[in-house]
Amino acid sequence: MTTATIPPTTLHHGHRVLMKGNEAMAEAAIRAGCDAYFGYPITPQAELLEWMARRMPEEGRVFIQAESELGAINMALGAAATGARVLVSSSSPGISLMAEGMSYMAGAEIPMVLVNVMRGGPGLGGIGPSQADYFQATKGHGHGDYRVPVLAPSSIGEAMALMADAFELAEKYRTPVFILADGTLGQAMEPVELQFREPPRLVAGWAAQGAEGRPPRVVKSMHLEPEDLEIHNRHLQAKFAEISAREVRWASESLEDADLVIVAYGTAARVARTAISHARDEGLRAGLFRPITLWPFPSAALAAVAARTRGILVVELSAGQMVEDVRLAVEGTIPVAFEGRTGGMVPTPDEVLEALRRLQAATAAGRTVSTVEVRP
Amino acid sequence: MTIEAPAGARVIFERPELLTDRSTHYCPGCGHGVVHRLIAEVLGEMGLGSRTIAVAPVGCAVFVYDYIGVDFVEAPHGRAPAVATGIRRVRPDAFVLTYQGDGDLAAIGTAEIIHAAGRGELLTAVFVNNGIYGMTGGQMAPTTLLGQRSTSSPNGRDAALDGYPIPMTEMLAVMPGVAYAARGSVADAPAIGRTKQYLRRACEIQLEGRGFAIVEVISNCPVGWRMTPTESMERLRDVVAKQYRPGVIVDRTKEA
């Protein structure tokens with residue numbers, strides 16, 4: 001049996017402790033007022049489920065280990081449809097099974113937070129850290145025309161802070177929200193300043209709670225008449241437009257004098273930070289642009305950055321997924337190169353530095369850098 | 001629409017309060033309307049309407065929320081028992097009822113119903129078994145009888161090709177988490193009366209906290225069976241009820 005790395009009773013807001021990512025996210029959800037958690041064991045997120053198995057009953061809240069990821073996401077659907085604050089977590093293959101439930105929840109406008117501790121794919125793939133589910137998370141996940149906010153922490157402390165934000169976004173916009181982490185964030189231990197926050201609860205005037213003293217409510221995604229479904233879809237699209245206008249987040253480092261900019265999120269951004277430091281040691285002025293919301297993607301902010309720099313290097317733990325959104329954002333105005341590893345491999349700072357040097361040479365020579373470079 | 005009784009007349013039959021005043025989308029002769037009415041009667045008589053959160057299926061009864069006037073949550077195909085589990089656990093004071101057909105419960109949702117029953121969830125599950133996929137045009141279901149023709153078993157269900165009908169309720173009845181499992185029928189008035197008693201008992205068991213309760217109701221599908229409503233009721237009584245025998249299958253509240 002896996003034992004928790006730290007007793008929860010010693011965890012106080014503002015304290016600095018050494019903590020494992022999966023456990024930190026779980027405790028942050030509890031302190032954010034999570035009423036119910038549903039999950040199914042899968043590596044590399046199992047410690048999140050195990051933490052919840054112990055802690056949720058201690059807090060008098062709901063924990064169920066479901067029969068499958070289908071079971072878990074649909075238990076979440078039911079609980080959240082009554083207005084409860086609900087968390088689900090899994091890793092890539094399990095997330096695929098949850099696509100059905102996510103689509104229904106997006107359609108029925110049911111708030112929920114879903115953590116994906118990504119591993120390498122496709123298929124059963126492997127259990128090493130990966131960012132290969134970017135497309136899946138940001139382009140809709142399940143069937144139908146919808147998006148969900150996708151938050152991408154790059155440290156365990158940030159993952160804790162984003163947990164409360166995720167519940168708040170979910171309830172404000174009545175939508176599922178993804179937290180897209182990777183196996184490294186889930187499995188690593190690092191010192192974190194504990195960030196606990198319980199967002200205020202909104203009145204769920206839409207939820208199914210029993211029709212005492214009011215007409216019955218139906219929480220549903222079905223609108224059989226095409227005219228009605230289009231009206232519903234227009235409403236959803238207007239909501240997505242509002243989220244895109246209001247909820248974009250990113251962070252940047254060393255951009256003031258940067259000739260080249262690395263765009264990376266999550267664990268890849270941490271590798272990029274080290275590479276940028278080494279690059280600056282040798283006189284190559286590089287900076288970091290780190291999307292925190294992968295949807296909505298910080299396109300306008302990145303375009304503004306691109307207008308002041310000579311080239312962009314996108315670094316991902318994938319064969320190149322976010323790079324497509326970066327290219328859309330900069331619209332061919334400057335070269336966009338790519339450096340990525342797949343299958344659970346993580347690019348080293350030296351590999352990223354070498355990619356920066358190649359980009360520097362190409363931009364200096366006026367060459368276009370458009371090929372996607374992937375290492376085997 | 002309300003019709004005032006003339007002076008001196010006595011009202012002996014009314015629409016149950018929880019049955020909404022609208023025409024259903026069901027085909028003429030379909031048994032779903034009867035089952036809806038029984039549920040509305042039982043919930044109303046037990047005073048459960050305002051605390052019920054019901055879960056709607058995918059299939060012919062997808063619009064059940066238009067006909068029974070309680071709060072509803074729509075479930076993806078087969079997932080009603082999981083959705084209901086989530087509702088039940090966060091709303092311990094609610095009364096939670098699921099409504100599923102045989103494709104929904106016995107095919108795509110097999111895992112969800114087995115595990116909800118295995119956990120002994122405090123749910124009342126209504127399982128309408130008409131042996132066919134009605135909504136999509138009359139294809140073979142897991143419960144389709146051997147030899148029965150459907151649009152996807154055009155020569156009749158063949159055990160060698162299609163396997164055997166699955167007796168879901170008997171399978172569930174062996175599980176210790178299942179407090180009550182019964183099978184009713186809509187074939188005739190006496191059967192409908194007994195079905196109502198089963199439904200009432202399945203609701204009481206949830207309120208008593210005894211465990212999972214399921215009532216299968218064998219029903220007809222005149223259009224899918226290519227029969228008149230009368231012929232379909234005769235087949236239900238003379239053929240289907242011989243295979244899926246009505247009655248109480250298990251009642252663990254009496255064993256203790």
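Predicted model: local features only at pLDDT ≥ 70, side-chain atom pairs only at ≥ 80, totals over all residues.
1. A word on terms to begin with: helices (H or I, at least four residues) and strands (E, at least two) are DSSP runs, numbered from the N terminus.

2. Which residues surround it? Setting aside neighbours within four places in sequence, B:Ala141 is in contact with B:Asp102, B:Gly103, B:Ala106, B:Ala107, B:Gly131, B:Ile132 and B:Tyr133. As for B:Asn129, twelve residues separate it from B:Ala141 in sequence, and the C-alpha to C-alpha distance between the two is 9.4 Å.

3. Now to the contact between the chains, to which chain A brings 34 residues and chain B 29 residues. On the side of chain B that touches chain A, at least two residues each come from strand 1 (52-56), strand 2 (71-74), helix 2 (80-90) and helix 4 (110-118) of chain B. Helix 2 of chain B gives the most to that side, with eight residues. By class, the side of chain B that touches chain A holds 15 nonpolar, seven polar and seven charged residues.

4. One more feature worth a look joins the two chains: strand 9 (residues 218-219) of chain A pairs with strand 2 of chain B in the parallel sense, over two bridges. Within strand 2 of chain B, B:Val73 is the bridge partner of A:Val219.

Note on methods: Residues numbered from 1 in each chain as written. Chains lettered and ligands numbered in written order. Contact = placed C-beta atoms within 7 Å. Nonpolar A, V, L, I, M, F, W, Y, C, P; charged D, E, K, R; others polar. Pairing = 2+ DSSP bridges.
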